Amino acid sequence: MITNALTDAVSRLVSGEPVAIPTETVYGLAANAFDLDAIAKVYQLKGRPEWNPLIVHIGKMEQLESLTLEIPEKARLVLHHFWPGPLTVVLPKSEAVPDAVTSGQPTVAIRMPAHPIALALLQQLPFPLVAPSANPFSRISPTHARSVDAYFGDNLMVLDGGPCEVGIESTILSFKETLPRILRLGKITRSEIEEIIGPVEVQNTTAEKPEAPGMIRTHYAPSTPAFFMQNPLEVLHDLTHLKVGCMFFREQAKLPDFVYSIALSKSGSLDEASKKLFATMSELDLGSFDLLLLQAFPDKGVGSAINDRLFRASLPMSRLKEFLKS
Ligand code: TXA
Ligand code: MG
């Protein structure tokens, strides 16, 4: 059920129940980070495997000190620069953080979200919140309260904060090694981070066993078979026997009329396109198409982060031949 009442969300969270909350990136499935039963409910609701750790959300800088063992200078610099905002840092965890939050890892992922309602909520609560994206495991992350409600219905209270401004999940930056490493691409880009702290590595996000356990290949997947490509127009003529849905980055001039297509941004704005990305993918997924073709974004700035999501949402290209007209 969807609510606008912050006080209802506060009292549920205090009583150990999960609540879906808005953030500037995507909606989160929040619960008291110090309450083992509440954490278990989050894993259960999401159907999330217990090897996949959760991000702890805070509303005040002081909370960071009590959750971590040490904060390297470079970590301080970036978080003072980007918080509140779509950046998650991975740091050595203190005893205060339950192993259930970190899946037994010695590090904890922490972020201070920039959404005014999320911040107000976090600042009222006497504990930080774990909040994975508010979707069942491996499904598309929700960027509207109604999308969360469609996933969980009466099993979950959703605090409505409007559509998420950023639309893709936070950038994750790990300080586990001496050279900081980006584990998940997001709104805050490598070059923005490097401007503040110098060189960082980017984890090969398509690795078989990624360092952020959640970064597995089949994440964010629509249930409709989807393919990620530079130019869907090139294959459309071999797909006329199927009902095809296309998601283009920007408006296309000439499209064959047997194709249903959505352009994420008329003018080709990366920010506008990323904001609409997940809701558009969900909409296409509900459209009873045989096949979805997802166009690659320009590979710069937040576009690289989006291409990473689209790659994960899709099948290997080798399987496209199963759909082509013979
Ligand atoms: O934007 C976001 O980050 C959203 C909003 C709700 O804040 N949250 C989010 O959480 O995307 P989730 O659970 O869907 O993704 C968290 C990712 C997973 O890939 C997980 O494996 C990784 O963070 N992670 C969590 N703790 C970690 C740790 N200690 N070390 C490495 N990766 C970690
Ligand atoms: Mg997620």
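Figure 1. Gln-295 belongs to strand β15, residues 291-295 (strands, E, of at least two residues and helices, H or I, of at least four are DSSP runs, numbered from the N terminus). Is Gln-295 buried or exposed? Gln-295 counts as buried because its relative accessibility is 11% (buried means under 20% relative accessible area, exposed over 50%, partly exposed in between, with a 1.4 Å probe and protein chains only). Beyond neighbours within four places in sequence, the contacts of Gln-295 include Phe-228, Met-229, Pro-232, Met-247, Phe-248 and Leu-310, where contact means heavy atoms within 4.5 Å.

**Figure 2. Ser-314 after helix α11.** Look for Ser-314 in the segment that follows α11. The side chain of Ser-314 reaches back to the backbone oxygen of Phe-311, at 2.7 Å. Ser-314 counts as buried because its relative accessibility is 9%. Met-229 is 85 residues from Ser-314 in sequence, yet their C-alpha atoms are 9.6 Å apart in space.

Figure 3. At the interface, 16 residues of domain 1 are in contact with 15 residues of domain 2. Together the domains bury about 1300 Å², with carbon and sulfur atoms giving 59% of that area (buried area is the accessible area, 1.4 Å probe, that two parts lose on being put together, summed over both). Which residues of domain 1 lose the most area to domain 2? They are Ile-140, Ile-168 and Leu-185, which together make up 40% of what that side buries.

**Figure 4. Polar and charged pairs across the interface.** Between domain 1 and domain 2 there are 5 residue pairs in polar contact, both partners at pLDDT 80 or more. The side of domain 1 that touches domain 2 is made of 6 nonpolar, 6 polar and 4 charged residues (Ala, Val, Leu, Ile, Met, Phe, Trp, Tyr, Cys and Pro count as nonpolar, Asp, Glu, Lys and Arg as charged, and the others, Gly among them, as polar). How many salt bridges does the rule find across this interface? It finds 3, a salt bridge being a side-chain nitrogen of Lys or Arg within 4 Å of a carboxyl oxygen of Asp or Glu. Elsewhere in the view, look for the salt bridge of Asp-271 with Lys-187, whose closest N and O atoms are 2.7 Å apart.

**Figure 5. Arg-309 and Glu-169, a buried pair.** The side chains of Arg-309 and Glu-169 form a salt bridge, 2.8 Å from N to O. The pair links distant parts of the chain, 140 residues apart: Arg-309 is in helix α11 (residues 302-312), while Glu-169 is in the loop between β8 (157-159) and β9 (171-174). Both residues are buried. Shared partners join Glu-169, Asp-308, Arg-309 and Arg-312 into one salt-bridge network.

**Figure 6. Lys-41 and Glu-17.** The structure holds 13 salt bridges, and one of them pairs Lys-41 with Glu-17, with the closest N and O atoms 2.9 Å apart. Lys-41 lies in helix α2 (residues 36-46) and Glu-17 in the loop between α1 (6-14) and β2 (19-21), 24 residues apart. Lys-41 is partly exposed, at 28% relative accessibility, and Glu-17 is partly exposed too, at 30%.

**Figure 7. Glu-272 in helix α10.** Glu-272 sits in helix α10, residues 270-285, and counts as partly exposed at 30% relative accessibility. Leaving aside neighbours within four places in sequence, Glu-272 is in contact with Leu-264, Ser-265, Lys-266 and Ser-267. Val-166 is 106 residues from Glu-272 in sequence and 8.6 Å away in space, C-alpha to C-alpha.

**Notes for all views.** Residues are numbered from 1 along each chain as its sequence is written, with chains lettered from A and ligands numbered from 1 in the order in which they are written. In this predicted model, local features need pLDDT of at least 70 and side-chain atom pairs count only at pLDDT 80 or more, while totals for chains, interfaces and linings use all residues; side-chain values use heavy atoms, leaving out hydrogens and water.

Conventions:
Polar contact = N/O pair within 3.5 Å; in protein donor to acceptor, adjacent residues only side chain to side chain.
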